[in-house]
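Please read it alongside the structure shown below.

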Amino acid sequence: MKLSILGSTGSIGTSALDVVRMYPNLFNVKVLTAANNIALLVRQIEEFEPEMVVVLDETKAFELARSLTGNCKPEILYGESGYVTAAAWKSSDFVLLAMVGAAGLKPALAAIEAKKQIGLANKETLVMAGQIVMEKARANGVDILPVDSEHSAIFQCLRGNETKDFKRIFLTASGGPFRHRPGKDFSSITLADALNHPTWNMGHKITIDSATLMNKGLEVIEAVHLFSVSPDDIEVLVHPQSIVHSMVGFKDGSVIAQMGVPDMKAAISYALSQPGRLDLGADFPDFTTLGSLTFDPPDVDKFPSLGFAFEACKQKGTLPAVMNAANEVAVQAFLAQRIGFLDIFNIISNTMGLHRRIDNPDLSGIIEADQWARETAKSLI
């Protein structure tokens, strides 16, 4: 299988390359893209020898070109047009979309138009334009395979079962680092506190989203589009052990769960190899020492982002894109230590409240709403 990995220096991209290292006879990397981590990208280029690479801007492209000293001299592109070209690269069969944020939308659409098989780790693509993306995928006969651990779990639980028998999705969440912290103490949360995730090793943006539970909200919207369900069919459960990655309930009362130790390579490898599986040499959970697996309802008063997401999903139109854009702006401001943790919720809520929702927008309408939300959120900081 010939791969394009968009976002190769992030946590998903590096895990995917770990799988490639384990099975070099099965996978051939044709394209790598990154944003700013040139040092790691250089090492990846030297090891995997892709045909082309993409970076964020022209300055980074020049830095990359100067840094390449080995025999591999791939074509170097940059910016949005470069990422779109990477997604549609002719010699690739499979595109792993592991870019963070709204930047993944246009490459996703380009991969669909080029009829590539897609492994989707960029949930914002479906949050912003899920109906458009899924309709284009169906029209082009393109499979969109989930790479998020939760959606991969749901996908695996649904395999071999009739769609008509489905009744509910149980979407699990670790609860993040502030599950037990009283809401009255949230004003004192520091950046270091929020980046200290108890279970998963992820990039900074996703880690903050996990701390606010916005990551789970985005996953709710993603699941609605991936599996053609209603938001009322999804129940979020806080499961701090992170062993059950999600569950599916059926009309006879049966519940099927997908379990495993927290390791993104499992979901990535399943997207690459399904319906078969690759031997990753992974350990099973040690059930004798776990003691118990617990499940609790999320506290939507402490973590209103989950409520924002359900509301956006139910209202549809441009509101999910607005919510996502406001969240991206607020999280970046928090990472830059320009705002406090609670300000993230306020900026999202106020931006959504100011928006005049457009029903059934086309792609340009979604992009306009995204830009409006970014400008509005920035004005609120």
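Helices (H or I, at least four residues) and strands (E, at least two residues) are DSSP runs, numbered from the N terminus. The model is predicted: local features need pLDDT of at least 70, side-chain atom pairs count only at pLDDT 80 or more, and totals for chains, interfaces and linings use all residues. Residues are numbered from 1 along each chain as its sequence is written, and side-chain values use heavy atoms, with hydrogens and water left out.

**Seven-stranded sheet**

- Seven strands form an open sheet with parallel pairing, in the order β4-β3-β2-β1-β5-β6-β7; two strands pair if DSSP finds at least two bridges between them.
- The edges are β4 (75–78) and β7 (144–146), each of which pairs on one side only.
- Neighbouring strands of this sheet are turned against each other by 20° on average, direction ignored; angles run from 0 to 180 degrees between N-to-C directions, and axes are lines fitted to C-alpha atoms, for helices over the stretch in contact.
- Strand β3 (residues 52–55) runs parallel to β4 and is joined to it by four bridges; V55 has Y78 in β4 as its bridge partner.
- Helix α3 (residues 58–67) lies across β3 and β4 and runs at about 160° to β4; contact means heavy atoms within 4.5 Å.

**Four-stranded sheet**

- A further open sheet has four strands in the order β9-β8-β10-β11, with mixed pairing.
- Its edge strands, β9 (234–238) and β11 (255–259), each pair on one side only, and the twist averages 20° from one strand to the next.
- Strand β10 (residues 244–250) and β11 run antiparallel and are joined by five bridges; the bridge partner of V244 in β11 is M259.
- Helix α7 (residues 149–158) packs on this sheet, where it touches β8 (166–173), β10 and β11, and its direction makes about 40° with that of β10.
- Helix α10 (residues 214–227) lies across β8 and β9, running at about 150° to β8.

**Cavities**

- A search of the whole structure finds two cavities of 30 Å³ or more. On a 1 Å grid over the protein atoms alone, a cavity is a set of points where a 1.4 Å probe fits but cannot get out, and lining residues have an atom within 4 Å of a point. Grid points are joined across faces, edges and corners, and a volume is the space filled by probe spheres set on the points.
- The largest cavity has a volume of about 40 Å³ and is lined by L3, S4, I5, A16, V20, F94, L96 and L272.
- At least two lining residues of the largest cavity come from each of β1 (2–6), α1 (11–22) and β5 (94–97); β1 gives the largest share, three residues.
- The lining of the largest cavity comprises seven nonpolar, one polar and no charged residues. Here Ala, Val, Leu, Ile, Met, Phe, Trp, Tyr, Cys and Pro count as nonpolar, Asp, Glu, Lys and Arg as charged, and the others, Gly among them, as polar.
- The second largest cavity holds about 30 Å³ of space, and its lining consists of L97, A108, I112, I118, L120, T125, V133 and I144.
- Two or more residues of the lining of the second largest cavity come from each of α5 (105–113), β6 (117–120) and α6 (123–139); by class, this lining has seven nonpolar, one polar and no charged residues.

**Packing against helix α14**

- Helix α14 (residues 319–335) packs with α6 at an angle of about 140°, and their axes are 7 Å apart.
- The two helices α6 and α14 are therefore oblique to each other; angles under 35 degrees count as roughly parallel, over 145 as roughly antiparallel, 65 to 115 as roughly perpendicular and the rest as oblique.
- From α6, E124, V127 and M128 meet P320, A321, M323, N324 and E328 of α14; this contact has five nonpolar, one polar and two charged residues.
- Helix α9 (residues 204–212) packs with α14 at about 105°, with the axes 10 Å apart, which makes α9 roughly perpendicular to α14.
- H204, K205, I208 and D209 of α9 make the contact with N327, E328, V331, Q332, F334 and L335 of α14; four of the residues in this contact are nonpolar, three polar and three charged.

**Backbone features**

- Most residues other than glycine have a negative phi, and most peptide bonds are trans.
- Q274 and P275 are joined by a cis peptide bond with omega of about 10°; P275 is in the loop between α11 (264–273) and α12 (287–290).
- K115, a residue other than glycine, has a positive phi near 60° and is found in the loop between α5 and β6.

Key
On a 1 Å grid over the protein atoms alone, a cavity is a set of points where a 1.4 Å probe fits but cannot get out, and a pocket is an open set with protein on both sides within 12 Å along at least five of seven lines; lining residues have an atom within 4 Å of a point.
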